[in-house]
Amino acid sequence: MTSPAIPASPAAPPPAGTTAPAPALFKEWSGYLKPEDLSQIQAAYHFSESAHQGQFRKSGEPYIAHPLAVANILAQWHLDSQALTAALLHDVVEDTEVTKSQIAEQFGRPVAELVDGVSKLDRIQFDTQEHAQAENFRKMLLAMARDVRVMLIKLADRLHNMRTLDAVHPEKRQRIARETLEIYAPIANRLGLNSIYQEMEDLSFHHLFPDRYRVLAKAVRTARGNRREVVGKVLESIERRLGEFKVESQVQGREKHLHSVYRKMREKHLSFAQVHDVFGFRIIVKDMPACYVALGVLHGLYKPIPGKFKDYIAIPKANGYQSLHTTLFGPFGSPIEIQIRTADMHRIAEAGVASHWLYKSTDTSLSELQQKTHQWLQSLLEMQSESGDSVEFLEHLKVDLFPDEVYVFTPKGKIMSLPRGATAVDFAYAVHTDIGNRCVAVKINQELMPLRTELRNGDRVEIITASHAKPNPLWLNFVATAKARAHIRHFLKTMHFSESVQLGGRLLQQALANFRKTPADIHDPQWDKLVRDSNARSRDEILSDVGLGKRLAVVVAHQLLALGEPLQPESRPSGAVVVRGSEGLAVQFARCCGPIPGDPIIGIINKGQGMVIHTHDCPVAAKSHRDPERVLDVQWDANPTKLFDVGIRLVVANQRGVLAKVAAEIAAAESNIQNVAVDPDDGGTYTVMRFTVQVQNRMHLARIVRDLRKIPEVVRIGRNKG
Ligand code: MN
């Protein structure tokens with residue numbers, strides 16, 4: 001992975017976005033792409049060119065120059081052909097008649113998804129000035145991008161627009177530059193894309209504060225001229241000394257980018273002289289031990305300044321950055337900042353491993369899932385590092401950047417973060433308890449929707465309230481946040497006992513209707529027995545529990561009926577109980593068989609209050625079959641709301657790189673990997689890998705299995721139960 005060079009001299013604005021003609025570029029890209037990839041890319045170029053026919057950029061160039069330049073930026077990072085194809089097409093859905101399905105037909109679904117992802121990001125505009133909101137907005141974009149390639153295309157798009165911003169109207173120029181500085185440059189930084197980050201910052205600085213930029217650039221240029229000789233001498237002694245100790249190295253002078261100088265002056269109230277009175281060098285050596293040798297050699301050459309040494313090799317930064325940093329007392333009274341790293345570390349520092357696709361914010365701690373993803377990637381990195389292609393491997397790996405959060409807008413444009421699966425009711429409670437307690441309806445993106453609607457990234461959510469409204473216990477069936485659950489429960493608790501009994505009675509009546517029964521069909525002995533069996537004090541207490549959502553009405557109905565005359569086949573429930581996956585504690589999924597939507601399932605009522613879902617052929621569940629009154633007919637909701645964990649077990653030929661292939665294939669099938677275990681290498685021909693992956697349903701799982709079978713090294717594959 002190579003990265004575009006940092007602009008050589010900050011005195012002039014970084015180069016404008018002139019791009020070589022297409023045929024010349026295709027030739028350049030062919031260096032790392034396969035011929036068949038290249039012909040698809042060429043087809044995409046012609047497709048895009050004719051779609052944008054007649055459109056021109058503000059600079060007067062034909063529009064196609066822009067997507068071509070964007071693709072070229074991505075080619076510098078050696079992105080795959082799907083990403084390049086999508087880059088060439090990235091504006092056609094937004095700006096021309098072409099539809100997503102046309103792209104899918106011609107260039108395949110993955111490309112269409114990438115284009116669609118970029119278009120979705122384009123539709124969202126950052127319009128608040130609030131600083132804290134910028135952080136949330138960045139997260140929202142990252143969450144929406146899902147596939148990190150979408151974000152890389154978006155960043156390349158923005159970079160090219162920044163490089164050609166001169167042609168744009170001054171007012172718009174300001175807006176774009178501010179947005180870049182607050183949103184896109186920090187995203188590039190977090191993803192470890194250092195050179196884009198610096199270029200974006202300097203370009204934004206140049207357009208936002210042209211005068212300050214000019215003055216500072218001139219000052220830097222002058223200072224550099226004055227110090228040229230001194231820097232040359234220091235460079236020479238460093239190189240000579242490293243040579244004496246036989247450390248193979250490349251020593252480069254290093255300059256801070258203008259905006260970072262400016263920021264340091266502002267934040268620390270320093271004068272230019274105070275900030276810039278530092279020489280920087282970067283030393284690239286061949287391997288990790290050599291980093292420490294070089295460090296020792298330099299500490300022998302000039303005295304280190306105490307407290308300035310940092311070992312980011314032993315403890316890398318969150319975005320994957322590794323280097324040794326030290327500052328030395330220079331021979332001419334100026335401190336010298338040194339970075340020492342290997343070529344691999346340098347590549348990552350400049351172009352990023354996209355921070356292992358992990359976005360770590362400073363104010364909130366990582367969720368468990370994010371941590372798991374992080375650990376998993378880390379372990380993969382370690383396993384891959386032997387083969388030396390970890391960077392390339394990660395490039396192809398698709399990982400959901402925020403698997404467990406959604407970001408939505410309030411009507412005033414404020415951004416709220418909620419756990420994935422959160423509904424309109426969760427949103428209402430997140431805004432304010434009163435809003436939650438009084439909500440009656442919701443508008444999502446201007447449309448009236450049911451309160452149970454699950455929110456998606458970028459939704460604009462408006463809650464409609466009524467002063468007389470009260471929380472509904474049925475909400476407990478779908479809310480995803482602890483806050484909403486707690487508030488609903490709390491409200492229900494403060495409800496008068498008689499009210500909850502009444503409500504429970506109503507819910508039970510509904511549940512009995514499922515079995516084609518009415519409350520009149522339940523006789524006192526049945527009630528008495530249930531009260532005794534469940535250690536309740538009275539019938540009313542059980543009804544109240546139902547009203548408060550502590551017991552499932554359908555379970556109580558079933559228990560009561562089972563205590564009466566044996567259930568006749570015709571009095572079985574007319575419709576099976578529908579399982580959605582988000583019922584909370586009242587419905588659990590058995591660990592023994594790990595059912596996923598599409599599996600035939602049965603519900604087993606446990607002695608307490610809830611129900612456990614098993615696959616119909618689960619041996620554990622079979623034991624309960626002997627207790628027919630504990631078995632409940634259940635079926636999956638048509639659209640279950642959560643993702644389900646499922647285990648798969650593979651027998652594979654024991655060859656280097658297999659794990660990477662398998663992981664990439666799983667990721668390409670849009671599944672999250674929760675866990676991976678590989679049997680220790682005993683030198684045998686075959687080895688066993690166990691993955692826990694998240695799927696929507698059986699079809700999704702079948703698709704993954706089918707794709708994995710195509711890998712030649714995979715010998716056997718099956719679902720791993722228990
Ligand atoms: Mn564009």
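Is Q446 buried or exposed in this predicted model? Q446 is exposed, with a relative accessible area of 70%, where exposed means over 50%, buried under 20% and partly exposed in between, using a 1.4 Å probe and protein chains only.

The model is a predicted one, in which local features need pLDDT of at least 70 and side-chain atom pairs count only at pLDDT 80 or more, while totals for chains, interfaces and linings use all residues. Residues are numbered from 1 along each chain as its sequence is written, and side-chain values use heavy atoms, with hydrogens and water left out.

**View 1. Overall chain and its confidence.** The secondary structure of the chain comes to 28 helices and 19 strands, where helices (H or I, at least four residues) and strands (E, at least two) are DSSP runs numbered from the N terminus. Of the 722 residues of the chain, 52% count as buried. The mean pLDDT, the predictor's confidence in each residue on a scale from 0 to 100, is 78, and 80% of the residues reach 70 or more. Confidence is lowest in helix α18 (residues 390-395), at a mean of 36, and highest in helix α19 (residues 424-431), at 94. The pLDDT also stays under 50 over residues 353-402, for which the model has 100 contacts beyond four places in sequence, a contact being heavy atoms within 4.5 Å. Where pLDDT is low, the predicted coordinates should not be read in detail.

**View 2. The manganese site.** The manganese ion is coordinated at 2.2 to 2.4 Å by H66 (NE2), H90 (NE2), D91 (OD) and D157 (OD); donors are N, O and S atoms within 2.8 Å of the metal (3.2 Å for Na, K and Ca), and since water is not among the atoms, sites may look incomplete. Along the sequence, the donor residues follow the spacing H-x23-H-D-x65-D. H66, in helix α3 (residues 65-76), and D91, in the loop between α4 (81-88) and α5 (92-95), are 25 residues apart and link distant parts of the chain. H66 counts as buried at 1% relative accessibility, and D91 is buried too, with a relative accessible area of 7%.

**View 3. The crossing of helices α11 and α13.** The axes of helix α11 (residues 194-208) and helix α13 (residues 258-268) come within 7 Å and cross at roughly 70 degrees, the axes being lines fitted to C-alpha atoms, for helices over the stretch in contact, with angles from 0 to 180 degrees between N-to-C directions. The contact is made by Y197, E201, D202 and F205 of α11 together with L258, H259, S260, Y262 and R263 of α13.

View 4. Not counting residues up to four places away in sequence, K310 touches S323, L324 and H325. K310 and Q339 are 29 residues apart in sequence and 9.6 Å apart in space, C-alpha to C-alpha.

**View 5. Loop residues Q446 and E670.** Q446 lies in the loop between β8 (439-444) and β9 (447-449), and its phi is near 75 degrees, a positive value in a residue other than glycine. E670 is found in the loop between α27 (658-668) and β17 (672-678), has a phi near 60 degrees, and counts as exposed at 53% relative accessibility. Most residues other than glycine have a negative phi.
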